[in-house]
Amino acid sequence: MKKVAVVGYGNTKFTKDELPIESLLLESTKQVFDTTKNLSQDLIDGVIVSTNDNSKYLGAILSELSGIKPKISHTVEHLCSSGANAAISGFSYIASGLVDTVLVTGADKIGNPGQILEWDKSRGEFDHPIYWASMFTKAHKRQFSTTEEELAIVSAKNHKQAMDNPNAYSHKPYTISEIMNSKNVTDDLRILDCSYSCSGSSSILLTSEETAKKFTDEPIWISGIGQKTNSASFMKNELTTSSSSVISANDAYKMAKITSQKIDIAEIHDAFSVCELMAVEDLSLTEKNTSASYVRNLFNTEDRKINPRGGLIGAGHPLGATGISQIVEITQQLQNKAKKRQISNAKKGLVHNMSAAATSSTVLILES
Amino acid sequence: MNKFETELKIGNFVTSECSHCNRIVWPPSDYCDNCFKAVNWRKVSQIGTIIELSKKENDVFCITEFEDKIRVMGKLDAEIHMAKPGQTVRLSKCLLNNKNSFFFSLEEIKEILEK
């Protein structure tokens, strides 16, 4: 299997704007061309689009708008983790030798249809993500005595970190008290504990080891991949842990031949505050039943190890772009190019992207 | 519209079941997810157990499990402080308009009132 590197990237600002999906896709793709040395259209032989948008044939449309005539082009949809899974597709095509260089571009619009899985009849009329998030949160409070303050710290930390992300949806810091006193969505969920669906686009350029040096002096290698789908319907879930995250992380660590202790920085799928508390344990970044104190310590020490770009809560959640934006952030961190968000001496990073109440999860390990 | 939905539309909560594997097939499907033989359909027990619950405005909503396998989310006709996970509930109503709707009542309360 060939080694695969991230050698270029682009990001749009995440906004409330209702922009055409094709324009969003093209915007972050243009940035890849603007910022990657020696890149020309004829060097890209794969174009993969990640989105939940209802528009069709977007791989071909983006290819045409970009002047690319790829050997392989298609769309990947896997709800909130479409982005990371599109990256896996690109990785696989290169690793197998089918193509050499793949553009992976994700985008979604505010109000995209990926927030609700209509097929899942077991959710009844409670089909919006706020309802499963309320169940997760209430169960977490019950099992671990998690407090409203501990939940609010996740949001306060991620909003604060998003201040230094120029592409973030939110640039407003919130105190713990403001978050705890923000509007009740349900008895167990405050509005500031929720990520926002928004418009945005992110792109990465993947290539083989043989070609990587052509495009960058600092390739970032995808060394581990794990993806686990337990189900599509929410109701089979455990409520205080995500077994799909546990399994996908273990598979990714195994493939990368590392343990979780080696992870210097991680982008985690904090669709809601409780998700970050669950994930840091499920990914073995902290011991069981220590997530709240772990995140509190990150917040108090201004340690940006978890969700340096602000997570989904601070940066926004344009579903098809999210996983790719997470990969862009880890790439920038490992290249020491994350500017104000930069943590020191990051060598290995992790991306955690999940879908539909953690019924499936995807984990990538990146290394410099 | 599948069998689950046509029955729900007339107020019946049914599940698919595989007589070959002797197991409930849930979420509802036309074929067994183990052996792929065609399923049978039958009514689900009216008595379930609360798994977790919360409240939005005046609506208490919960996950209820029936027959140790079938979980659905619906409205609970009770004050939030009166209910907790593990409590027994009865399916009081189910319907299908634009969306599925399930309604539960606390079984213990009903028993007390009946006494």
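Helices (H or I, at least four residues) and strands (E, at least two) are DSSP runs, numbered from the N terminus. In these terms, chain B reads α-β-β-β-β-β-β-β-β-α along its sequence, with two helices and eight strands. This is a predicted model, in which local features need pLDDT of at least 70 and side-chain atom pairs count only at pLDDT 80 or more, while totals for chains, interfaces and linings use all residues. Residues are numbered from 1 along each chain as its sequence is written, and chains are lettered from A and ligands numbered from 1 in the order in which they are written.

**Overall form of chain B**
- Along the principal axes, the C-alpha atoms of chain B fill a box of roughly 45 × 30 × 25 Å.
- Of its 115 residues, 34% count as buried, that is, with 20 or more other C-beta atoms, placed from the backbone, within 10 Å of their own.

**Three-stranded sheet**
- An open sheet in chain B has the order β2-β1-β3, with antiparallel pairing; strands pair if DSSP finds at least two bridges between them.
- Strands β2 (23-25) and β3 (40-43) of chain B stand at the edges with a single partner strand each, so one side of each lacks a neighbour in the sheet.
- Strand β1 (residues 14-18) of chain B pairs with β3(B) over four bridges in the antiparallel sense.
- E17(B) has N40(B), in β3(B), as its bridge partner.

**Interface with chain A**
- In chain B, 17 residues are in contact with 18 residues of chain A, contact meaning C-beta atoms, placed from the backbone, within 7 Å.
- At least two residues of this side of chain B come from each of β4 (47-56), β5 (59-66), β6 (70-77) and β8 (100-106).

Conventions. Contact = placed C-beta atoms within 7 Å. Buried ≥ 20, exposed ≤ 12 C-beta atoms within 10 Å, placed from the backbone.
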